[in-house]
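Work through these exercises with the structure open beside you. Try each task before you read its solution.

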Amino acid sequence: MNTWPGGKRHAMEQDEHERWNSSNYPGTLQLCFDCGEPTGHCEEDSLCIVDGDDERGPLCEECYRTGCRP
């Protein structure tokens, strides 16, 4: 699970964000639930598949489009 500096989610300047990500992989980078690759999205625009009460995500564009599972 991704973590935030000081354990609390907050806005960061771009240079602070880059420093944090470079030493805390994956930093704030969102990774795909199915394949583990970067999603290219953030929390506000995450791609998820909802089936009844089951929600799977966040997903990258490819896994979202194909609905694949590892």
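**Exercise 1.** Is Asp15 buried, partly exposed or exposed, and which residue does Asp15 pair with in a salt bridge?

*Solution.* 
- Step 1: Take the accessibility. Asp15 has 46% relative accessibility, so Asp15 counts as partly exposed. The classes are: buried under 20% relative accessible area, exposed over 50%, partly exposed in between (1.4 Å probe, protein chains only).
- Step 2: Find the partner. Asp15 forms a salt bridge with Arg19, and their closest N and O atoms are 3.5 Å apart. A salt bridge needs a side-chain nitrogen of Lys or Arg within 4 Å of a carboxyl oxygen of Asp or Glu.
- Step 3: Asp15 and Arg19 both lie in helix H1, 4 residues apart, about one turn of the helix. Arg19 is exposed, at 51% relative accessible area.

A note on the source: this is a predicted model, where local features need pLDDT of at least 70, side-chain atom pairs count only at pLDDT 80 or more, and totals for chains, interfaces and linings use all residues. Residues are numbered from 1 along each chain as its sequence is written, and side-chain values use heavy atoms, with hydrogens and water left out.

**Exercise 2.** How many helices and strands does the chain have, and what pattern do they follow along the sequence?

*Solution.* 
- Step 1: Count the elements. The chain has 2 helices and 2 strands. These are DSSP runs, numbered from the N terminus: helices are H or I with at least four residues, strands are E with at least two.
- Step 2: Read along the sequence. The pattern is α-β-β-α.
- Step 3: Locate them. Helix H1 spans 14-23 and strand S1 spans 47-51. Strand S2 covers 54-59. Helix H2 takes in residues 61-66.
- Step 4: Check the burial. Of the 70 residues in the chain, 20% are buried.

**Exercise 3.** How many disulfides does the structure have, and where is the cysteine sulfur nearest to that of Cys60?

*Solution.* 
- Step 1: A disulfide is a covalent bond between the sulfur atoms of two cysteines.
- Step 2: Search. Cys60 is in none, and the nearest cysteine sulfur, that of Cys63, is 3.7 Å away. The cut-off for a disulfide is a pair of cysteine sulfur atoms within 2.5 Å.
- Step 3: Check the burial. Cys60 is buried at 8% relative accessibility, and Cys63 is buried at 3%.
- Step 4: Cys32 lies in the loop between H1 and S1 and is buried at 5%. Cys32 and Cys60 are 28 residues apart in sequence, yet 5.3 Å apart in space, C-alpha to C-alpha.

**Exercise 4.** Are Thr39 and Gly40 buried or exposed?

*Solution.* 
- Step 1: Read the areas. Thr39 is buried, at 5% relative accessible area. Gly40 is exposed, at 70%.
- Step 2: Find residues farther along the chain. For Gly40 and Glu61, 21 residues apart along the chain, the C-alpha separation is 8.1 Å.

**Exercise 5.** Which peptide bond is cis, and where does Pro58 lie?

*Solution.* 
- Step 1: Most peptide bonds are trans.
- Step 2: Identify the bond. The peptide bond from Gly57 to Pro58 is cis, with omega near 5°.
- Step 3: Pro58 lies in strand S2.
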